[in-house]
Structures are given as structure tokens and as C-alpha cells.
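Good morning, and thank you for coming. Please look at the display first.

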Amino acid sequence: MKLLEMKNVKKSFEELEVLKGISLEVNQGEVVAIIGPSGGGKSTLLRCATTLVPINSGLIKIGGDTLVETDDNGVTHYADKKSLAHIRSKFGLVFQNFNLFPHFSVRRNITEALIHVHKKSREEANRICDELLVKMGLEDKGDSYPCNLSGGQQQRVSIARALAANPEILFFDEPTSALDPELTKGVLRVIRGLADEKMTMVIVTHEMSFARDVADRIIFMDGGLIVEEGPAAELINNPKNERTKSFLAGY
Amino acid sequence: MHNISSTLSQLGAGLKFTLIIFIFTLLFSIPLGLLVAKGRMSKNKIISGIIRIYISVMRGTPLMLQLMVVYFAPNFIFGIQLRDLTIGDVDYRLTATIIGFSINYAAYFAEIFRGGIQSIPQGQYHAAQLLGFSGAQTFFRIVLPQVVKNVLPAVTNEIITLVKDTSLAQVLAITEMFTAAKGQAASQVSIMPLVMAGVFYYIMNGIIEIVMNRAEKKLSYYN
């Protein structure tokens with residue numbers, strides 16, 4: 001089953017065309033890594049797929065539901081408000097700089113949406129929160145505030161927050177770019193654990209060896225286009241495209 | 001010879017009006033300021049333009065003049081006789097004073113709140129949106145609590161200024177504390193009533209400083 005489907009997605013910021021027609025599919029249980037140079041459109045792609053940035057044209061489906069579609073007359077329609085809320089409940093996004101709510105404890109960061117959006121009881125929300133904290137190796141941090149955690153711990157809280165509502169697919173926008181190598185390890189270990197559980201994930205990353213080890217498939221993007229894609233180990237070890245080769249040579 | 005008990009009872013009577021003006025102005029101007037800040041940030045150019053002019057006039061003209069304009073407006077516009085006018089049981093002079101103070105302070109608060117709201121990173125909105133929070137939930141649960149912390153020092157400034165500004169109500173012949181002190185100083189031919197009024201203002205602001213410091217401390221559990 002396809003959990004993410006994008007067809008010929010185009011996005012421009014004023015004059016600048018950032019996505020020049022991206023088509024991509026992600027199946028259930030698949031881990032896809034997106035790599036490429038800065039400014040190549042990776043983050044924009046993720047932002048378009050997660051509704052943070054509106055696209056100019058193309059088709060995006062999440063979990064089988066149409067998020068946005070360009071009809072035969074060239075008019076682009078987004079799903080109505082109600083469907084949009086439903087579609088948003090199907091995926092989670094982990095940000096590069098965490099975006100935790102600083103005034104909430106770790107527990108409240110994770111449970112607030114469960115209680116006030118998904119209308120779960122406080123007990124139920126706390127149970128989900130405790131499970132996730134154990135999974136993230138943060139079982140003693142429920143009452144801490146984000147400012148008292150290391151960057152790696154904060155990122156693991158934000159992964160827990162994104163997982164709380166039980167999404168079908170999880171997006172990561174350079175989840176370790178704000179972390180030093182030591183802290184990066186803990187976060188990557190958590191993501192690897194999710195991959196082992198067959199969580200469907202799309203990960204924008206600069207960690208090449210991590211992408212090779214964890215992803216099933218890697219997409220190399222540059223200049224707003226998918227330049228090359230293929231099975232992870234093959235693309236990293238044996239890239240075909242010249243542009244991919246020269247990019248990977250830098251690592 | 002300075003009569004302390006007469007001064008105290010007169011200052012006490014004046015203090016009542018000072019407190020009424022102070023409390024009601026805060027009560028009205030803070031929510032109004034939040035609304036004005038929202039309007040000032042509106043994407044609608046007409047709304048934000050009107051609000052911009054409103055703030056500019058409120059900040060750019062004397063509060064004393066604004067009080068007089070509010071007071072005389074019903075007469076100018078509708079020809080209503082202002083002498084002995086009451087609304088409910090309240091003397092219109094007091095109502096006009098509170099309206100004048102409220103719309104003036106709302107303009108200042110609005111700019112403070114706008115700064116506070118705009119200092120919240122875009123990422124907070126994105127995270128809230130993707131977690132499914134509605135616009136209202138995002139504002140009241142995520143944004144506003146952080147704004148409160150950010151604006152507290154600036155709001156304390158305004159509140160302290162308001163305590164002293166209440167003396168401007170004398171322009172509408174309201175016998176607040178400063179007017180009372182002036183009257184006593186004249187009749188007793190002594191500067192002591194004015195000194196005592198100064199001490200009263202200072203004590204009020206001392207209390208405000210303590211309360212606001214505590215509030216800041218309470219919110220310092222995160223940064």
C-alpha cells in the first residue's frame with residue numbers, strides 16, 4: 001500500500017522554481033532517505049508533503065487520501081478543512097530544530113494534542129506518553145522541561161510527540177543537523193529502532209552512512225529534481241549519475 | 001500648622017478614585033490591547049491601516065487632551081448636555097476618564113503584545129498546526145503563555161506609569177489623590193500633603209514591583 005504518493009509536484013517561491021516536477025512513492029513499511037546538496041529542494045519537498053508550504057501544481061496523496069490535486073484545467077485544489085485535519089492525523093513531522101513547546105513539560109509536549117485534539121482521557125494519554133518515553137530512553141524525563149534537556153534528548157522528545165497520535169508515516173527534516181556527533185548517535189538509534197518495527201519513514205538527512213544502513217531506498221535530489229534513486233547501498237556505493245558521484249565524493 | 005489627620009482622610013478619599021481609574025483601566029486596556037495587536041498584524045490592509053493610525057494618534061498626542069476629547073465628544077457629536085450627566089449611577093466624568101485611559105493604554109499595550117507575539121518562532125506554529133491544534137488552541141495554549149512571559153517586564157513599566165498617570169484625571173475635575181493633595185497643600189499652606197501623596201504613589205508602585213517580580217519568577221521555570 002502506498003502511504004505517500006507525489007506526482008509532478010512543482011513549487012516556486014516567486015521567480016525561483018524550487019521543485020521542478022517531483023514524482024515519488026513510498027510504500028507501507030518502507031524507509032526512504034532523501035539526500036542532496038543544500039538548496040536542492042529536499043526540505044521544501046518535505047514541507048510540501050506535510051502541508052506547511054502550498055504547492056503550485058501536482059498531486060499529493062497521503063495514506064490514500066488526496067491532499068492536493070491539479071485538475072485538467074490546471075487549477076490546484078487542496079482538500080477541505082475537515083479532510084485536511086484527517087490527513088494531518090495520518091503523519092508526523094520531526095523538525096530539524098525540534099520545535100518543542102518550551103513552556104510545557106516533556107509529558108505535556110507529548111500528551112497535549114492527545115487530550116485536546118484527539119480527545120483521549122488523561123490516563124490514556126499518560127499511558128501512551130510513558131510507553132513512548134521508555135522507547136526513547138527518557139523514562140525519567142517526563143517532568144523535565146525542554147530547556148533542561150540536551151539537544152539529543154529534545155529531539156527524541158519531539159520524535160515521541162510526533163509518534164503519540166500513532167501516525168502511519170513519519171517525516172524527518174534533517175533530524176540530527178542541529179546535534180553534535182555524540183548526541184546524533186542516540187537519535188539515530190531511535191530512528192533505527194523505528195525502522196526495525198517497520199515504521200514508514202521519509203528522512204531528509206546528511207548522514208550518508210546512516211542513510212545507507214537504515215533506508216531501503218535513497219533519493220538524491222539536486223536543482224529541484226530527483227537526479228537518481230535506488231536501493232540504499234547501491235546508490236551510496238555505486239552511484240550512476242555524475243552529479244550524485246561528485247556529491248558523494250565529498251563524504 | 002499641618003493637620004495630618006485631615007490630610008490623610010482627604011488623600012484616602014482621593015486614593016479611592018485613583019484605584020478605580022487604575023483597576024478599570026487595566027481591566028479594559030489589556031484585553032483591548034490584545035485585540036488591537038491582532039488588528040495591527042491583520043493581513044487586511046484596511047484594518048491594519050486604521051489600527052496603525054489609531055496607535056499613532058494615541059501615542060502622539062497628550063493623554064490629558066484625549067481625556068478632554070472623550071469627555072466632550074457626546075456634546076460635540078450628539079449635542080448631549082454634559083452637566084450632571086450620569087451613565088447608570090456613575091458620573092460621566094469618571095466614565096470618560098476610564099474610557100480615555102483605556103483606549104490610550106490599549107495602544108501602548110498593543111505594541112508591546114505585538115512585539116511579544118512576533119517573537120514567537122514560526123516553528124511553534126508549524127508544530128502546533130501539524131499536531132492538529134486549531135487556530136484558537138494554538139494561540140491560547142501555545143503562543144499566549146509564551147507571550148506573557150516575554151512581555152512581562154515591558155507591561156510592568158506600563159502599569160507603573162499608569163499609577164502616576166491617574167493624576168491626569170484632574171483635568172476632568174475628578175478629585176483623585178493628587179488633586180486632593182494639591183487642595184490640602186493650598187488650604188494648609190504646607191508641602192507635606194504633596195510629599196505624603198508622593199509616598200502613597202511610591203508604595204503602590206512598590207507593591208506592583210513585588211507582585212510583578214514574583215510573576216516573573218514564577219514564569220522563569222523555562223527559558
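**Chain B and its helices**

In chain B, 77% of the contacts with a separation of 6 or more are between residues 24 or more positions apart; two residues are in contact if their C-beta atoms, placed from the backbone, lie within 7 Å. This is a predicted model, in which local features need pLDDT of at least 70 and side-chain atom pairs count only at pLDDT 80 or more, while totals for chains, interfaces and linings use all residues. Residues are numbered from 1 along each chain as its sequence is written, and chains are lettered from A and ligands numbered from 1 in the order in which they are written.

Chain B has eight helices and two strands, which are DSSP runs numbered from the N terminus (helices H or I, at least four residues; strands E, at least two). Their order from the N terminus is α-α-α-β-β-α-α-α-α-α. The C-alpha trace of chain B spans about 70 × 50 × 30 Å along its principal axes. Of its 223 residues, 33% count as buried, meaning that 20 or more other C-beta atoms, placed from the backbone, lie within 10 Å of a residue's own.

Let us turn to one helix. Where does α6(B) have a kink? The kink, of about 55°, lies at B:Leu152, shortly before the proline B:Pro153; the bend is the angle between axes fitted to the seven residues ending there and the seven starting there. The ends of this helix, residues 135-165 of chain B, have C-alpha atoms only 37 Å apart, short of the 45 Å that a straight helix would reach; that expected span is 1.5 Å times one less than the number of residues. Among the buried residues of α6(B) are B:Ile142, B:Val155 and B:Leu162. The buried residues pack against α1, α4, α5 and α8 of chain B.

Next, a pair of helices. The axes of α1(B) and α4(B) come within 6 Å and cross at roughly 45°; axes are lines fitted to C-alpha atoms, for helices over the stretch in contact, and angles run from 0 to 180 degrees between N-to-C directions. That angle makes α1(B) oblique to α4(B), since angles under 35 degrees count as roughly parallel, over 145 as roughly antiparallel, 65 to 115 as roughly perpendicular and the rest as oblique. Residues of α1(B) in this contact include B:Phe24 and B:Phe28, and those of α4(B) include B:Phe101 and B:Tyr105.

Technical notes: A residue is buried if 20 or more other C-beta atoms lie within 10 Å of its own, exposed if 12 or fewer, and partly exposed in between; C-beta atoms are placed from the backbone.
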